[in-house]
Amino acid sequence: MLQKLSWQKIFRRLHLYLGLSIGFLLTVIALSGSVLIYYPQIDSQLNLTKVNIKHTDKVDWDLAYKNLKTAFPDKYGPWRLEVTDDNSIIPARYYNPVETQNREFATLMIWLSNDKYKVIRKDYWGDYFVTWLYNLHFSLLTGSTGIIIVGYIGIATLILLISGLLAWWPKKGQWIKSLKFKRRSSKIGLLYDWHKLIGLSLCIPLLALTITGIMLAIPKQTDPILTALVSDINSPSKTQIQIQPSKQSNIPLSQAILIAKKALPGARLAWIETPSNLNAIYRFRFQTVNDPSYRFPHSYIEVNALSGKLESMFNIDKQSTASKIKNWIHPLHDGSIGGNILKVIWVLSGFGSVALFFIGIYRWLIRTKRI
């Protein structure tokens, strides 16, 4: 049967069957992804608009950390504090809290004011809108199994996009004709033109979003391919310094920050990880000048919390090519690498993929006389 079909007809059928099978889930992923492009701003508008916030150029990290430990005395593990643009609010995270240990991932999320460093908001990951939406986008609300499913839906989507492009691919000398929006009397033909033009307009953005999404969802499956094609992937060390049963106390967080900044001058501090009752290490996450990832950069510095010694430094600028490629995946996928222009394109691409699905379904229903 396949031998009697032209290669374009084969690609059309492949495109149709993939669209019918994964189209709805792809629509859910695309819509949620479009909203998540601006999820920090959306969350702030939904939850922090009534908070009286004072902007400042300097943060008293020692007081902020002290008040965090005072507010949650039963949390003995490390806290992760985010360094924001204007220091107006200090977000903090505590992973694997006892309260949500029966859930696969439900990090304790805290927001501190910057005037008196008091807790102004407390929540758990997945319990408020943008994090619920994130779980929907990344795992279809089904945990680690769902993440893998989303990864393989991404692979099917990649085939869907390529098969659609090849099914349309015009013959020699017919390119201009194939790109035109034709005057048609039939609804089927009109729907085809809309589907074609939207698909061609968003082809490159959708390919970029799909490939980066696959690499984020299933790194265990995609990292070996990247390693084979480019180079080994370097990973930062995670030093363990066992706490001694003595009365020796940790150096202040502010001192550890100065040590880390001195080790990597010119870099922007993005995240702070505090010591735990099992590991006397301050771990800092920095963005270097050449690092495209603003919120989650990939340079790390570890400082001994007992002695102030610099234990390790991982500068992404000095790592392998494959490591640098991985560093581009997240900021490319969320559009942050290109500012608002790229973010808007990404948002339109998400809504455009939804339009492609419904136009394709509607056309198929008409052609098969189901409506």
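**Ground rules.** I worked from a predicted model, where local features need pLDDT of at least 70, side-chain atom pairs count only at pLDDT 80 or more, and totals for chains, interfaces and linings use all residues. Residues are numbered from 1 along each chain as its sequence is written, and side-chain values use heavy atoms, with hydrogens and water left out.

**Ring pairs.** I searched the whole structure and got 16 aromatic pairs (Phe, Tyr or six-membered Trp rings with centres within 6.5 Å; planes under 30 degrees apart are stacked, over 60 edge-to-face, the rest tilted). I looked at Tyr 134 and Phe 138, a tilted pair at 5.9 Å centre to centre with 45° between the planes.

**Accessibility.** Tyr 134, at 29% relative accessibility, is partly exposed, and Phe 138 is too, at 23% (buried is under 20% relative accessible area, exposed over 50%, partly exposed in between, with a 1.4 Å probe and protein chains only).

**Across strands.** Next I checked Tyr 300 and Phe 314: their ring centres are 6.5 Å apart and their planes at 55°, so this pair is tilted. Tyr 300 belongs to strand β7 (residues 299–304) and Phe 314 to strand β8 (residues 310–314), so the pair ties together parts 14 residues apart in sequence. Both Tyr 300 and Phe 314 are buried.

**Cluster.** I also noted one aromatic cluster formed by Tyr 39, Tyr 95, Phe 105, Trp 125, Tyr 134 and Phe 138.

**Charges over rings.** The charged end of Arg 121 sits over the ring of Tyr 128, 4.7 Å from its centre (the rule: NZ of Lys or CZ of Arg within 6 Å of the ring centre and within 35 degrees of the ring normal). Lys 75 lies over the face of Tyr 94, 5.9 Å from the ring centre.

Methods. Helices (H or I, at least four residues) and strands (E, at least two) are DSSP runs, numbered from the N terminus.
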